[in-house]
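Student: I would like to learn how to read a structure that is new to me, one feature at a time. Could we go through it together?

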Amino acid sequence: MRIGLCLSGGAAHGFAHLGVLKAFDELNISISAISGTSSGAIAGAFYAAGYSPDAAFDLISKRNILKLMRPAFCRYGLINMDQVEKAFSEYFGTKTLQELKPKLIIGTTDLNQGINVYFREGDIIKPLTASCAVPIVCKPINYPGHFLIDGGLINNLPVECLTGEADFIVGVHVNPFDHQSQITSFRGVMERTFHLAINNNVEPRLKLCNFLIEPPVLKHYSLLSLKDAKKMFLAGYEHTLTLSDKLFAAMQA
């Protein structure tokens, strides 16, 4: 059976994806293809390039990709992604998407055309950087024929692109909605707005997944809370292990 893993975007919540991948390794579940956007694409890229989930966690958390985003004050955004692109180049070198195993599909949004663009071959760096370029805040990435930003803008759970690549698709959504949340700051308003927007485009895609992993404890952590990175990593790992019996049963159904 070909297993596909769809990793949602979610900023710092994306550390949970690495925990899920660690659990899959321990459960000896072989993954045929991974799709992802934003932090899900980052986690998938490191894993498919041969980094263990623990090694990827150490690299990403210590390098702190978010701090590499520096003000650009250009006509298209406030943050320049050049340093992020440089960091990705150090980790992935000249590898192409075709060389990765499992297969990786990176979801982005073409801002001009208003459509999702999925990358399955060619350069890793540009599509991966574009997948992390938050709309308005970050400078879009020019790529031949495209003007690219974060794929989560219109599809934060890019499961459709796994059709034909997998017989059984596991969706990993790292943005559980906290209905009891109390907004007390401007930052809280921004995060809540983000949650509402992406949850709206994720909901209809959940039915395309054969199994869903959504660690509930993540709703207690801020999307930008890098100090809780290890807790979120463990949340993904531990929650996946608790679902192992149900997961294996679903795979055998």
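Student: In which sense do S9 and strand S10 pair, and over how many bridges?

Tutor: Please keep in mind that this is a predicted model. S9 and strand S10 (residues 211-213) pair in the parallel sense, over 3 bridges, and in S10 the bridge partner of Gly 171 is Leu 212. Strand S1 (residues 3-7) also runs parallel to S9 and is joined to S9 by 5 bridges, with Val 172 of S9 as the bridge partner of Leu 7.

Student: Which residues of S9 are buried on one side, and which on the other?

Tutor: The general idea is that in a regular strand the side chains alternate between the two faces of the sheet. Here Phe 168, Val 170 and Val 172 lie on one side, Ile 169 and Gly 171 lie on the other, and all are buried, so that both faces of S9 are covered. Because 5 of the 5 residues of strand S9 (residues 168-172) are buried, the strand is largely enclosed by the rest of the structure.

Student: How many disulfides does the structure hold?

Tutor: A disulfide is a covalent bond between the sulfur atoms of two cysteines. The structure holds 0 disulfides. The closest cysteine sulfur to that of Cys 6 is in Cys 209, and because the distance is 5.7 Å, it is too far for a bond, given that a disulfide needs sulfur atoms within 2.5 Å. Cys 6 is buried, with a relative accessible area of 0%, and Cys 209 is buried as well, with a relative accessible area of 12%.

Student: What is the count of aromatic pairs?

Tutor: The count comes to 8 aromatic pairs. One of them is formed by Phe 46 and Tyr 91, which is tilted, with 5.2 Å centre to centre and 55 degrees between the planes. This pair links distant parts of the chain, since Phe 46 is in helix H2 (residues 39-48) and Tyr 91 is in helix H5 (residues 82-92), 45 residues apart. Phe 46 and Tyr 91 are both buried.

Student: How far apart are the ring centres of Phe 57 and Phe 233?

Tutor: Their centres are 5.1 Å apart and their planes are at 50 degrees, so this pair is tilted. Phe 57 is in helix H3 (residues 53-63) and Phe 233 is in helix H8 (residues 229-242), 176 residues apart, and both residues are buried.

Student: Which charged end sits over the ring of Phe 57?

Tutor: The charged end of Lys 230 sits there, 4.8 Å from the centre of the ring of Phe 57.

Terms used:
Residues numbered from 1 in each chain as written. Predicted model: local features only at pLDDT ≥ 70, side-chain atom pairs only at ≥ 80, totals over all residues. Heavy atoms only, no water. Phe/Tyr/Trp six-rings, centres within 6.5 Å; stacked < 30°, edge-to-face > 60°. Helix = DSSP H or I, 4+ residues; strand = E, 2+ residues; numbered from the N terminus. Buried < 20%, exposed > 50% of the residue type's maximum accessible area, 1.4 Å probe, protein only. Lys NZ or Arg CZ within 6 Å of the ring centre and 35° of its normal. Pairing = 2+ DSSP bridges.
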